[in-house]
Each structure stands twice: as C-alpha cells, then as structure tokens.
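Try each task before you read its solution.

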Amino acid sequence: MNPIPFIPANAPFSKEQLQWLNGYLAGYFSNAAGMSIGALESGAPAAPKPSLVVLYGSQTGTAEGLAKKFVKEANALGFEAKVGDLGQYTGEKLLAEKHVIIVTSTYGDGEPPDNAGSFWASLKADSAPRLEGLKYAVLALGDTNYSAFCQFGKDCDARLAALGAERVFERVDCDLEYEEVAKAWIGGALPAFAGGTVDAIEGSSAVETNETAEDVAYGKKNPFPAKLLTNRLLNAAGSGKEVRHYEISLAGSGLRYEVGDALGVVPTNCPEMVGEILKLMGWDGEEGVKVGGDEMSLRHTLETVFDVTRPSGELLKAVADRGACGGELSGLLQPENKEALKSFLWGREVVDLLVGMNGAFTPQEFVGFLKKLQPRLYSISSSPKAHPEEVHLTVAAVRYEGHGRSRKGVCSTFLADRVSSVTLVPVFVQVSHGFRLPENGDVPVIMCGPGTGIAPFRAFLEERKASGSNGKNWLFFGDQKRESDFLYQDQLEGWLADGHLSRLDLAFSRDQSEKIYVQNRMLENAAELWTWLQQGAHFYVCGDASRMAKDVDAALIKIAETAGGLSAEAAASYIQKLKTDKRYQRDVY
C-alpha cells in the first residue's frame, strides 16, 4: 500500500475533529488493507459494496463537477456510487436511498439552484416523509462576499436532520477557493459512510486522486496564455455604456468549448490602484512577502495574487481593531448590523479603509488579510463551428465614481485597457452543464438576453446556423437606446431577414417616457409565447440575477396563468417543471 495521506492541518475542521479523522483513517485503511489481503489469500467472497448517491445542486456546473469527482473516488474505494441531479429527486425518492451526499451551491439571496427547486419544495413541505433510515452529509459551496453564504446548503442540512436523517459527517461551507477544502472533506466523509466495510484499493485514497490528463492540460489551475485578436467597442456615440466585443485565439491550447460554456479570465489588478495602496501605507513595493512558501515583492503580489478591491472580513476586523474609519466600523461589524455594513461598504474598496493607516500593518500582515484574486467567468458569445480556434466575449467595462474616487471593474478594465495584441490574457474554459441547446435541432428555442446577456444567444444562433438546425428561434433583446445600444444589430437583423431568427422582439428602455423591458415584451406576446412552450420550446434567460431574471421568471408564471389558463399555484408548478426538465435554463449572475 502507498503511505496514507492524512487530512492536512489547515483543513476546515477543529483540532478534535482532525485528531479523530486522522485516527479513523489510519485504522480504517490499515484494517481495509488487511481485509483485502486476507480475502485474497482465503478466496473468501468479497463483501457487498455499500451504496452511495452523490446528489448535486448546481447553477454553473461547479457542484456537478465536484459530485462526479466524488463518485469516481468513492467507486475507487469500493463503493457502489452513482451521481444524481437534485432536480430528479424528492423527499419520497430519498426513502429508497441509504447513503446520500449532497453537494450544492446557493443561488441569489439564499435560494436553491435552478435544478434543486422542486427537490427543496418537496423536502420543506409539511407532507415530506420521515427519513430515519437515511445517512447523509452535505458539502455547501458559496461566496462569503454574499450575506446568504452557503444558505441553501445550510438549509438542506438542517431540514434533513429535522426529518430524522442521520448526519454522518459535519457539513463544511466552502468559499470561492473550494478545491482543497472539498478534497479534505470528501477524505473524511467517505470513511464515515464506509463503516469499516470497504476494501481499500492499491494506489488510491479518499484524500488524493490520481493525476489525469485534465489536471496537466490548460485549465483553471493552469490557464492558457492567449492572444487577443480583437477589442471592439459595440456602443455608438451617445451611449452611457461601454460594451466591448473581444476575440481571443485558442490556437495551440487544446481548449475546447461548447456554446453555453463560460470563459474564465485571470486578470491582474490595476497598477495605479496598487500604487495608491503602497503610498497610503508608506511602502515602496519592493518589500518581500511570503505567499504559499514563495517569496515575492509586495508590488507584484498585490498586482497578481490578491484582491485589492473588495475588503475581506479579516481586513475589516483588523482595520476596526485599530480604530480606523472614525470608530464607525466596529459597530457595523456586529451581527445585527449586516444591512448597515452593506450600505457602508457600497462603492468602497480596500484603498478607502487604509486612509490614515500608515504603519498600522507590516506588509506580511496586510497580505494575510486579503483574499486571493479570483478569475472572472464570462458567457462565451461565439460558436466553435463558426469560429474555429477562437472564442468571443461580450463584456461591459465597469467604470464609475464613488466616494470621491474613480472606480474600475478589475477584469473588465483589464481586458479593455491592459490587454493588447502583444499582452497575453490567461484563460480557461468553464463547462456549463446546465445551459445547453436542445440536442434535437428541430426544437424551437426562446432566448431572453438584455444588454450583455445577448452573449450566449449570439453563440446559440451561430451554432444553430452552422449546424443547419431547422428549429424556430425567438430572441428578446433590450438595452437603453436603440441608436447607441443595439448590440450586434447588423448580425441580428441579417438573421431576421434570412429567416434564421423567426422573431426578434426589442425593448429599449429609454427611447420613450415609460420604460419598457424584455419582460414587458414577453407579456405583450403571451399567447404566442405560450403556444411555443406547448410546442416543446426551450426557454433561456441570461443576465442580472437580482432583478431582470426574477422579473422574467414572474412574467413566465403570469403567462402560464393568463395564456395557459392555469391557477397561480399550477402556473408556478408548470414553470418549475420546465426547470426540472431542463427546458427552462438560466445563465444569471
């Protein structure tokens, strides 16, 4: 047997939990190894494999990808494991399972991901069955920058326990840097489900998996340095926006994508912003700091490794402890003042908290309070069939004034201002399992994408054109002004003229006194939209999650009521079934 890789000390467990888990793993693997050898020598029949179902709730595909990895690890350790979509499960269906792992993200303000809505409705219903025979564990994915951090995972965990299910391993709530935490968690969860009955397999472990071709190829951990081919402004004169079209070469990368996927872009921070931080703190930038065992200059670290815009909770506490911000921050960090803190932080960045803080931290202390700079994901706006070895993006450059300073979106202005034909941009493909065209090209599709939400639907339309699909295509697009903000106008109107676009409904909110949005156009065409749905059409929406996507969802339910003649409850159930059946898919942010 290979040496046993115990759970690392920096895993998200208490000291007591780590001691117990490492002791459990040591005993488990040594016993399992002994049982395997003994069974082989005696010729005794192998013990039956324990069953395990790994269910995922996923909005972008991250939870689904993790669930599939967990299943591979479980099967390698002797489980009879399978992966499942939460959308295909109910409380009743859980009665047939003995061991369940749930890996789920949280969408919006603590809500379940789209594919988990029906599951959650059945689980929280008064009629939900008792689940005393079920053993379970939950891994929650989230982002601590949101107040409802991992809320759906927390809710699932609590509800299963309330229904009598047995939690065999404690839930862990993962932040954006989830990979190592998830690896440590599954390394403890699988033995907890095994109960000492699983035969360990030579060369495998619950903590580490064998390196695959995917690990050594270009990806999130190893982004491809790509050449920018085109950077073109899409808005005309008079627009209040700056939306740009980018074309990026993938030649030589081996990267492949499908329409509906996203492109990860790994940015660097604005050098001027970093310079301002250094000046405020009295540093010259040449100070050495250690990051993950490596030493590099402070300036390089702040430009390439850490997020120097959005303040972390650790930095807020450190600043408050030193009495900065007029002492106001200490009170705002109290749990009961979450909304007031959110209001205070609106438009403020790390640099705003450092005024008057010269000498308050050493460079090493300061970087210890920062979170890692994260890649940004952008919906791909091209079809690989139409543009081989290229990928296109449609990105709005974020620029605004706040608290007396000019502000810039980290990645949007990195692309707009700091990447050129000679400056490479690190990229990787993020597969989106839950945002796909129907396999049958004859199926009609309805697409709703205002503003930069047009991106994946340009890709969809290019793909259907290149594939010779015969299905009808209906696009709802909107923005502020037709004269300046009609993105991809020539291409869209060309498709409308040649019949590739069956319908194009436009909503330019500021071209008249009363603002008109895409959801208004949907309601105006309720009867025909309902007819398309009855003909099997798939419905897609891309864009802002907090307002637009919710308004579109409400409009769909209203259409099911008015044009479909359904009650309010039946209409909501109908729309939820469209989601469960993957006929209603959302790419929202």
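Contact here means heavy atoms within 4.5 Å. This is a predicted model, where local features need pLDDT of at least 70, side-chain atom pairs count only at pLDDT 80 or more, and totals for chains, interfaces and linings use all residues. Residues are numbered from 1 along each chain as its sequence is written, and side-chain values use heavy atoms, with hydrogens and water left out.

**Exercise 1. Find the surroundings of leucine 316, and decide whether it is buried or exposed.**

Step 1: Leucine 316 sits in helix α10, residues 313–321. (Helices are DSSP runs of H or I with at least four residues, strands are runs of E with at least two, and both are numbered from the N terminus.)

Step 2: Check the accessibility. Leucine 316 counts as buried because its relative accessibility is 4%. (Buried means under 20% relative accessible area, exposed over 50%, and partly exposed in between, with a 1.4 Å probe and protein chains only.)

Step 3: List the partners. Setting aside neighbours within four places in sequence, leucine 316 is in contact with Pro311, Leu329, Leu333, Leu345 and Leu353.

Step 4: Take a distance. From C-alpha to C-alpha, leucine 316 and leucine 332 are 9.9 Å apart in space, and 16 residues apart in sequence.

**Exercise 2. Work out how α2 and α6 cross, and what makes the contact.**

Step 1: The axes of helix α2 (residues 62–76) and helix α6 (residues 179–194) come within 11 Å and cross at roughly 40°. (Axes are lines fitted to C-alpha atoms, for helices over the stretch in contact, and angles run from 0 to 180 degrees between N-to-C directions.)

Step 2: That angle makes α2 oblique to α6. (Under 35 degrees is roughly parallel, over 145 roughly antiparallel, 65 to 115 roughly perpendicular, and the rest oblique.)

Step 3: From α2 come Leu66, Phe70, Glu73 and Ala74, and from α6 come Ala182, Trp185, Ile186 and Leu190.

**Exercise 3. How many helices and strands does the protein chain have?**

Solution: The chain has 22 helices and 21 strands. Of its 589 residues, 51% count as buried.
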